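Reader: I would like to learn how to read a protein model one feature at a time. Please give me the general idea first and the case after it.

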Amino acid sequence: MTREKPTALVAMSGGVDSSVAAALMVRRGYDCIGVTMKLRSNDGGDCTAKSCCTADDAEDARNAALSMGMKFYVFNYTQEFEHEVIDRFVGAYESGLTPNPCIDFNRYMKFGLLLERGRALGCDCIVTGHYARTEYLPEYGRWVLKKAVNSAKDQSYVLYSMTQDQLAHTVFPLGEFASKDEVRALAEELGLLNAHKHDSQDICFVPDGDYAEFIRMRTGRDHPGGDFLNADGEVIGRHSGIIKYTIGQRKGLGVGFGERMYVSAKDMQNNTVTLTGEEGLYSGSLTAGDFNWILWEKCPREPVIVTARTRYNGKEAPAQVWAEESGIVHVQFEQPQRAVTPGQAVVLYQGDIVVGGGTIINSECGIRNDGCTI
């Protein structure tokens with residue numbers, strides 16, 4: 001017996017984006033199932049995320065789904081979220097890295113577990129309210145991830161880990177919208193009660209932003225103070241715990257130096273934090289690992305021209321990229337880039353197409369506008 005309609009599993013957070021995404025799929029003739037992912041237990045503290053919601057958010061998602069005649073479920077993924085997102089987050093910080101938990105959430109939860117659940121329910125695709133696009137390019141024989149038309153809301157940076165299978169079975173209905181105002185206007189037209197609900201953060205399991213205290217409470221481990229060093233390795237002060245600092249940080253150092261000083265390096269083994277002036281924050285190149293290539297099946301061995309983004313809200317910079325046989329990727333910038341941070345992602349583009357992305361391992365420093373010795 002053949003189905004009359006294709007079926008879609010829609011990740012719903014209770015916000016306007018995912019609700020409009022669901023409505024658009026219903027308009028396209030899909031039989032839609034709405035789902036909210038429960039990611040924290042009742043005693044696990046506050047957690048705000050797309051598909052990681054408060055009770056009110058979950059109720060908003062349910063009401064939106066039912067108003068469109070959709071089935072609606074809440075899936076309990078609290079244990080998986082602890083392991084795949086929070087444990088990775090804590091481990092990265094304790095290793096001296098600065099992680100992006102949004103990337104791990106998308107990689108292991110939303111486009112991993114949720115796609116598996118969708119298949120188990122007989123769905124043809126999963127749908128999210130991300131601002132991005134997918135397309136099949138016959139000349140490459142591959143699915144690609146593309147930036148959203150609305151560049152201000154583009155979320156392709158946190159989606160770079162998507163596989164060919166995931167790209168082929170995921171729909172981003174909001175990718176073609178030119179502005180968020182258009183999305184809210186459509187929500188009003190559809191009579192959605194959350195048309196003007198404020199935007200949530202992707203993931204925020206540390207509501208007050210004190211990551212160091214969150215990690216201490218979770219692990220029971222204290223990270224003692226140590227030495228602040230200058231660029232020459234001389235002791236210039238004391239820090240209050242190495243995991244409290246990240247590359248490029250200026251505020252919250254806890255010590256006055258008479259001039260603006262920034263975190264430029266951390267040495268976990270010796271428990272030291274190196275501070276420099278602005279000029280010490282610039283890197284001419286980086287290496288990255290755990291790389292996911294989207295546009296090409298194989299890593300390029302010879303340099304290829306791309307643009308590279310090293311932070312979610314960062315600007316793209318012209319660069320060349322090539323890979324070793326081991327999979328280690330080298331990115332060399334035309335001009336040195338500020339505060340390239342191990343643990344963050346580097347995502348490569350050609351126009352609006354995501355070439356691929358990976359985790360920054362380290363960078364080569366240089367002086368702004370003087371070029372770097374690579």
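Author: Begin with the labels: helices (H or I, at least four residues) and strands (E, at least two) are DSSP runs, numbered from the N terminus. This is a predicted model, in which local features need pLDDT of at least 70, side-chain atom pairs count only at pLDDT 80 or more, and totals for chains, interfaces and linings use all residues. Residues are numbered from 1 along each chain as its sequence is written, and side-chain values use heavy atoms, with hydrogens and water left out.

Reader: Where is the place of Ala339?

Author: Ala339 sits in the loop that joins strand S17 (329-338) to strand S18 (345-350).

Reader: Is Ala339 buried or exposed?

Author: Buried means under 20% relative accessible area, exposed over 50%, and partly exposed in between (1.4 Å probe, protein chains only). Ala339 has a relative accessible area of 3%, so it is buried.

Reader: What is phi of Ala339?

Author: Most residues other than glycine have a negative phi. Ala339 has a phi near 55°, which is positive although the residue is not glycine. Asp290 is another case: its phi is near 50°, again a positive value in a residue other than glycine. Asp290 belongs to strand S14 (residues 282-293), and its relative accessibility of 46% makes it partly exposed.

Reader: Which residues does Gly357 touch, leaving out those up to four places away in sequence?

Author: Contact means heavy atoms within 4.5 Å. With those sequence neighbours left out, Gly357 touches Tyr160, Asp290, Phe291, Asn292, Val346 and Val347. Gly357 is part of strand S19 (residues 353-366), and with a relative accessible area of 0% it is buried.

Reader: With which side chain does Thr307 make a polar contact?

Author: A polar contact is a pair of N or O atoms within 3.5 Å; within protein, one must be able to donate a hydrogen and the other to accept it, and residues adjacent in sequence count only if both atoms are side-chain atoms. The side chain of Thr307 has such a contact with the side chain of Glu316, at 2.6 Å. Thr307 lies in strand S15 (residues 304-309) and is partly exposed at 23% relative accessible area. Beyond four places in sequence, Thr307 touches Glu316, Ala317, Pro318, Val347, Leu348 and Tyr349. His223 is 84 residues from Thr307 along the chain, with 37 Å between their C-alpha atoms.

Reader: Which backbone oxygen does the side chain of Lys147 reach?

Author: The side chain of Lys147 reaches the backbone oxygen of Gly351, at 3.2 Å. Lys147 is in strand S7 (residues 142-147), and its relative accessible area of 17% means that it is buried. Its contacts beyond four places in sequence include Asp154, Glu316, Tyr349 and Asp352.

Reader: At what angle do helix H3 and helix H4 pack?

Author: Two packed helices are described by the angle between their axes and the distance between the axes. Axes are lines fitted to C-alpha atoms, for helices over the stretch in contact, and angles run from 0 to 180 degrees between N-to-C directions. H3 (residues 78-94) and H4 (residues 101-120) pack at about 160°, and their axes are 9 Å apart. H3 and H4 are therefore roughly antiparallel (under 35 degrees is roughly parallel, over 145 roughly antiparallel, 65 to 115 roughly perpendicular, the rest oblique). The contact is made by residues including Phe81, Val85 and Phe89 of H3 and Phe105, Tyr108 and Leu113 of H4.

Reader: At roughly what angle do the axes of H3 and helix H7 cross?

Author: The axes of H3 and H7 (residues 211-219) cross at roughly 110° and come within 11 Å. That makes H3 roughly perpendicular to H7. Among the residues in contact are Ile86, Val90 and Tyr93 of H3 and Phe214 and Ile215 of H7.

Reader: How far apart are the axes of helix H1 and helix H6?

Author: The axes of H1 (residues 16-27) and H6 (residues 180-189) are 10 Å apart, and the helices pack at an angle of about 65°. The contact involves, among them, Val16, Val20 and Leu24 of H1 and Val183, Leu186 and Ala187 of H6.
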